[in-house]
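Keep the 3D view open and follow along point by point.

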Amino acid sequence: MITNLSYDCDVLIIGAGPAGCTAATILAEEKGRKVIVLEKEHFPRYHVGESLIPHCWDTLDRLGMTDRLDEKGFQVKQSVQFVDEGGELSTPFYFSEHTDHPRAKTWQVDRETFDTMMMERAREAGAQVREGIKVLDFIEQDGVVVGVRAEDEAGKGFELRAPVTMDASGRDALFQRKKKWRKRDPKLNKIAIWTLYKGAKRDPGVDEGATTVAYVKGKGWFWNIPLKDDIVSTGIVAERDYLYRDGRDLAEIYEREIKENKWVEEHLSEGQQFGEYWVTGEYSYRAENCATDGLVLIGDAFAFLDPVFSSGVYLALTTGSLGADAVEQALVSGNTGSEQFADYGERVCQGIEWMRKLVYAFYDKDFSFKDVVMKYAEIRRDLTDCLIGDLIDKDYTELFDRVSEFAELPSELPHGKVASSGALA
Ligand SMILES: Cc1cc2nc3c(=O)[nH]c(=O)nc-3n(C[C@H](O)[C@H](O)[C@H](O)COP(=O)(O)OP(=O)(O)OC[C@H]3O[C@@H](n4cnc5c(N)ncnc54)[C@H](O)[C@@H]3O)c2cc1C
């Protein structure tokens, strides 16, 4: 920590998404820190990424959010189901068959509401959350990040300083871009096109809130996420060349692809598309480093993994929580050098690597979860634990030794360590 500076707060957080608000709530309420969060948008605002996984519960419970989510009336999600290329539904996977913990019921959340609840929670915890403030750049002194330059909506610029800054700016990934730290995944580079429907067909009973993954012949997959108010989030993920083969009109591409899977066609034809079609590339990446002196990266601002298993919000909550613990330790020790975040980076990267292996297996055309479990019944529990997000401080070596007999798995990426200026060593 550079001691002769005058600081505006203990921790500055860029971005009030799930990662930023998790960190803000923990640091302000549990640790009693003075926290300022800067958010460029005004909430509620649209955001993709509605399907939660069971282990989101752990951090949401730490934040005191689980009862609030129950009360809000979000669509409850109790299962995941897969539909093959021919439109045939396989037996859904029910979380309650694996665990009788409250996390066996999770939620499909419209992010306007969920993110606003998270922001309100951070404010209630004592964090100062300032909307309509865009962070433009970082202030560095001898290579140590000591604050940010920002501007309000009138274009008025100002500076804020803190011993630690947390970059939670999502896929904008401010620090990662500034330092050219973004490392794309060598293989997971798909694009996604998605939109919303109202009144689409919903499966009955316990399956009403299921996330459905429906394959498109050899090319990609659809997601179908039922939300409250009879709305469905639906999207397709595939190779760029495949989706853009006849042009770039997103609505036309979407209409064309719906016909590629009978289940999707049947479910969506009962409903009405509304609002925009969105598209995104840069589908999987990680920053070369998870931290430098005075700064740590959390959520999508650190790493983004193809969301086929809905791991994004889970990783945002988890990195927000573990990142906050690491920041607190650094502040208590009086040393906010990057080494303080080495353990955080290692644990998070290992967790991401387990899920990344599953994503690679999913895209391997010869792979099926059923085949592995048929041959090695004893791995079912580990496989399920991994899929529902029990990723931190776990050892799934045996599971992936078995899976590697059926799919080509990636070696671990070297990125995600800590950078250091040497100024605080
Ligand atoms: C197509 C697609 C489908 C997905 N589906 C799922 C899913 O089903 N389930 C799931 O769990 N995840 C899913 N995800 C991933 C999920 O959306 C993200 O992982 C999650 O939102 C990350 O949270 P975050 O807090 O890191 O970032 P965000 O939620 O993006 O929040 C970052 C915040 O930072 C703010 N910000 C950015 N730049 C600045 C700046 N300069 N100054 C101030 N504020 C700034 C932004 O306005 C934003 O509010 C999906 C992602 C994509 C692309």
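1. Seven strands make up an open sheet, and if you walk across it the order is E7-E2-E1-E11-E20-E19-E22, with mixed pairing. Its edge strands are E7 (128-131) and E22, each of which pairs on one side only. Bear in mind as you look that this is a predicted model. A bit of background for reading any sheet: strands pair through backbone hydrogen bonds, and they can do so in parallel or antiparallel fashion.

2. Now zoom in on the E22 end of that order, where you can see both kinds of pairing. E19 (residues 289-292) and E22 (residues 417-418) run parallel and share two bridges; look for Asn289 opposite Lys417 of E22. E19 also pairs with E20 (residues 295-297), this time in the antiparallel sense, again over two bridges. There, Ala291 has Val296 of E20 as its bridge partner. E19 and E20 form a hairpin with two residues between the strands, and in this hairpin Gly294 takes a positive phi near 85°.

3. Next, find helix H1 (18-30). What does H1 lie across? The answer is three strands: E1 (11-14), E2 and E11 (164-167). Relative to E2, H1 runs at about 165°.

4. H1 has a helical neighbour too, namely H9. As a reminder, a pair of packed helices is described by two things, the angle between their axes and the distance between those axes. For H1 and H9 the angle is about 35° and the axes are 7 Å apart. The crossing is right-handed. On the H1 side the contact includes Pro18, Ala19 and Gly20, while H9 brings residues including Val313, Ala316 and Leu317. By class, the contact residues of H1 with H9 come out as ten nonpolar, six polar and one charged.

5. There's a second sheet to look at, also open, with three strands in the order E8-E9-E10 and antiparallel pairing. E8 and E10 (157-161) are at the edges with a single partner strand each, so one side of each has no neighbour in the sheet. From one strand to the next, the twist averages 30°. E9 (residues 144-151) and E10 are joined over five bridges in the antiparallel sense; to get your bearings, find Ala150, which stands opposite Phe158 of E10.

6. Let's step back to the domains. The protein chain is divided into domain 1 (11-74 + 110-184 + 286-353) and domain 2 (191-280). Their C-alpha centres lie 30 Å apart. Eight residues of domain 1 and nine residues of domain 2 make the contact. On the domain 1 side, the residues that touch domain 2 split into three nonpolar, three polar and two charged.

7. So where does the ligand sit? Both domain 1 and domain 2 give residues to the shell around the ligand, so the ligand lies between them. The shell has 37 residues, and the closest are Gly17, Gly49, Gly170, Gly299 and Gly312. Sorted by class, the shell holds 16 nonpolar, 13 polar and eight charged residues.

8. Which elements build that shell? At least two residues each come from H1, strand E2 (35-39), strand E8 (134-141), strand E13 (191-198) and helix H9 (312-333). H9 gives the largest share, four residues.

9. Two backbone details to finish. The peptide bond from Phe43 to Pro44 is cis, with omega near 0°; Pro44 is in the loop between E2 and helix H2 (56-62). The other is Ser310, whose phi is near 55°, a positive value in a residue other than glycine. You'll find Ser310 in the loop between strand E21 (303-304) and H9.

Definitions and conventions. Residues numbered from 1 in each chain as written. Predicted model: local features only at pLDDT ≥ 70, side-chain atom pairs only at ≥ 80, totals over all residues. Near = placed C-beta within 6 Å. Nonpolar A, V, L, I, M, F, W, Y, C, P; charged D, E, K, R; others polar. Domains from an automatic or database assignment. Axes fitted to C-alpha atoms, helices over the stretch in contact; angles between N-to-C directions. Left-handed = near helix turned anticlockwise from the far one by under 90°. Contact = placed C-beta atoms within 7 Å. Pairing = 2+ DSSP bridges.
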